[in-house]
Amino acid sequence: MVARALDELGADYRVFNQRHVANADIVLEIEAGEVDGTLRFAGEDFRLQEMSAAYLRLMDDRLLPELEGEPEGSAARRHARATHDTLYRWLEIAPGRVVNRCEPQASNGSKPYQAQLIARYGLLVPETLISDDPDAVLAFRREHGTLIYKSMSGVRSIVHALEETDYARLDHIRWCPVQFQALVPGTDMRVHVVGDDVHATEIVSDRLDYRYAKRQGGSAELRAARLDDGIAQKCIDVTRGLGLEFAGIDLKITADGEVFCFEVNPCPAFSFYEANTGQPIALSVARHLVEGSRGSARRSPSPSRDRPADGECLAAVT
Amino acid sequence: MILVLCEEYDLAATWAAERLRERGLAITVVTGAALAAARWEHRVGRAGARLEFRLAGGERICSGEIGGVLNRLCFLPSAWLQRIGGPDRDYAVQEMLALYLSWLHAMTGPVLNPATPQGLCGNWRHPSVWAVLAGRSGLPTSPYRQTSADDPDLYWQAAGAPGPATAFVAGSRALLPPDLPAPLRAACLRLARQAGTPLLGIDFSPAADGTWRFTGASVMPNLVRGGEKLADDLAEALAA
C-alpha cells in the first residue's frame, strides 16, 4: 500500500525485499561518529549516506520461507542473519527519517511503563493495578468497579472482564503479578499518526475487545471520525515524544468527553483500518517518507548536525 | 532512603553500598533474591505511578519514601527465574520484565541508572551505536566496520571486556584514571548525557600511535575500579 502511494507521488524509491537477501550485501562503516557504507541489492549499489528515508516492515529473518529446511549454521542462514543484523544496526543510527527505528518501538513491550510516558503528554491513562495479591485486587475492584485484565507485556492477549466466577482462581496471581484496569466505558478510537497527519477511526462494537469481535460472534464497525484539535495535537506530541514517526494510538472517549489512551502501537497494522474506511494512511506514510528525503527529516536518535542528502527513500517489505 | 538494587553476588554493588553508608547516606540494599520473594502492588493512573512491595521479612518499601536509587539490576532476579517453569514460562518472563521496567521507571530521586526497554539498569547499546555516540561526543574512536560476511555475535563479545583504562561518569562528575588525558573529561560527560546514562563506565585502549581511543562503554561498570573517588562522586550524585 505504501509502495503504491509512493508511485502516486512519483517518488524515486527502491524496495528491499528481505526474501531476496541471498543476493544482497551490506557494509556499514562508522568513522568519527559519521555513518556510511554500501548496500547492494537487486543489482544496484547504494551509498548508505544517500538513503534519506526508510519504511520498515521486516519479519524475523530466521523465519523467512527461503530458509525453511536450512540447517542451523548453514551458509545461507549465516548470510541472512549477518545481512539483517547489519541492516538493523545501520537503520538504528542512520541520519534521516526511519519509520520506525527499533529502539523507540520497545516502550510497547511494557504497557504500564508506556502509560507513564503517555501521561506526560496530557492524555489520561486507565487506573491500573499490577499485583500478585488477591486482596489488593478485590480492594481495587471495590474502589473502581468493573475491572478488566490483560497482558502488560508485548504478548498479545484478549481483554476480559473480571467476573465473580473468576474470584475462585484469583489465588493463581500469586505465581506472577497480573495487570488489572478499571473498565473505561466509551467509544473506541484508533488514531494513526504519521508525522503531523492524524487519521482517527471510530470503532463501534458489541464486544469488549473489538479486535476479536467476529471471532466471538460479535461485530465491529469502523468509520472515519473527526478528532478534537487538542486531542489530535496530543496524539502528535506523544508519538513524537516516544521517538516514533508513525503510530497507531488506542483511545477511548467517555460520555463525559474524557480521553483515555491505552496504548501507542509503534508498528501499526493500519491496512485493516484503511481498507474499512478509505482513510489515506498509506499516502500519509508515503508523503512522510518523501518529505524526509527533501531534507526536512528528523534527525537520527544520536545527536547529529548532518542534514540528510536528497536521494532515494528505501522501503523495506517482507 | 537510598535503595541499592542488585543481585546478591554483585560485589561491586556491595562495595558501593558500604562506601555510601560511610559517607552518611541511609542505604537499603534489596537483592534479587529478596525481590524474587516480594509481594507487589504497582499502580499507574491519574495520580501518577507508585509502587509498594513487601519483602519476605515483612518490610514494606514504598516509592514515595525513596530518595534515590543505585540500580544494578540488569535483568530479572536469578532467584525468580530459577523457580519458574512450565509451558507459560516465556510468557511469565515477558510479563515480569514489563512489570520491572515500569516500577523501576517509577522510582523517584536520582536513579543511577534509569531502567530502559533495552536494559533494566540502562540501555545496553550495540557497539555500533556507542561508536556513533562516542565519535559525536568528541571522543577519539577507531573506525567501526560491519558487513554481511561477519558473525554478528562477535561484535557483542568484543564489547564484553573492559579496557585497560576506564573513566567513570557519575552524575555531573567524570573520574579519569591518571593515564587518560584530562581533556577527555568533557567528552566523557557529553557521552553519558547523550546516552541518558548518569552512571557510565567508559573504556579506552592505547592505539598504535600511543593515543587513547574509546573502545566501549558499560551501564554496569565495575565500580570498585573507581575507588574512593568514585564513591565520593556516587554519594554526591545520589544525594542531589
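This is a predicted model: local features need pLDDT of at least 70, side-chain atom pairs count only at pLDDT 80 or more; totals for chains, interfaces and linings use all residues.
**Briefing: chains A and B**

On the other side of helix H5 (residues 134-144) of chain A from the buried residues, A:Asp135 and A:Arg142 are exposed. Residues are numbered from 1 along each chain as its sequence is written, while chains are lettered from A and ligands numbered from 1 in the order in which they are written.

**Helix H5 of chain A**

- A:Ala136, A:Val137 and A:Phe140 are the buried residues of H5(A).
- They sit on the same side of H5(A), because they cover an arc of only 100 degrees around the axis. The arc is that of the directions from the helix axis to the C-beta atoms.
- Their cover includes strand E7 (128-131), strand E8 (147-150) and strand E10 (178-182) of chain A, and also strand E3 (39-45) of chain B.
- A:Gly145 follows H5(A) and has a positive phi, near 80 degrees.
- Helices (H or I, at least four residues) and strands (E, at least two) are DSSP runs, numbered from the N terminus.

**Five-stranded sheet of chain A**

- Five strands form an open sheet in the order E13-E12-E11-E14-E15 (chain A), with antiparallel pairing. Two strands pair if DSSP finds at least two bridges between them.
- Strand E13 (220-225) and strand E15 (259-265) of chain A are the edges, each pairing on one side only.
- From one strand to the next, the twist averages 25 degrees.
- Strand E12 (residues 197-205) of chain A runs antiparallel to E13(A), joined by six bridges. A:Ile203 has A:Leu222 in E13(A) as its bridge partner.
- Helix H6 (residues 229-241) of chain A packs on the sheet. H6(A) touches strand E11 (187-194), E12, strand E14 (246-253) and E15 of chain A.
- The direction of H6(A) makes about 55 degrees with that of E11(A). Axes are lines fitted to C-alpha atoms, for helices over the stretch in contact, and angles run from 0 to 180 degrees between N-to-C directions.

**Hairpins of chain A**

- Strand E2 (residues 25-31) and strand E3 (residues 34-41) of chain A are antiparallel, with seven bridges. A:Asp25 stands opposite A:Arg40 in E3(A).
- Two residues lie between E2(A) and E3(A) in this hairpin, and A:Ala32 in the turn has a positive phi of about 50 degrees.
- E3(A) also pairs with strand E4 (residues 44-47) of chain A, antiparallel over four bridges. A:Phe41 is partnered by A:Glu44 in E4(A).
- This hairpin also has two residues between its strands, E3(A) and E4(A), with A:Ala42 in the turn at a positive phi of about 50 degrees.

**Domains**

- Chain A is divided into domain 1 (2-100 + 311-317), domain 2 (106-123 + 186-266) and domain 3 (128-182). Such bounds come from an automatic or database domain assignment.
- The C-alpha centres of domain 2 and domain 3 of chain A are 22 Å apart.
- Nine residues of domain 2 of chain A are in contact with 10 residues of domain 3 of chain A. Contact means that C-beta atoms, placed from the backbone, lie within 7 Å.
- Chain B has domain 1 (2-112) and domain 2 (127-218), with C-alpha centres 28 Å apart.

Terms used. Two residues are in contact if their C-beta atoms, placed from the backbone, lie within 7 Å. A residue is buried if 20 or more other C-beta atoms lie within 10 Å of its own, exposed if 12 or fewer, and partly exposed in between; C-beta atoms are placed from the backbone.
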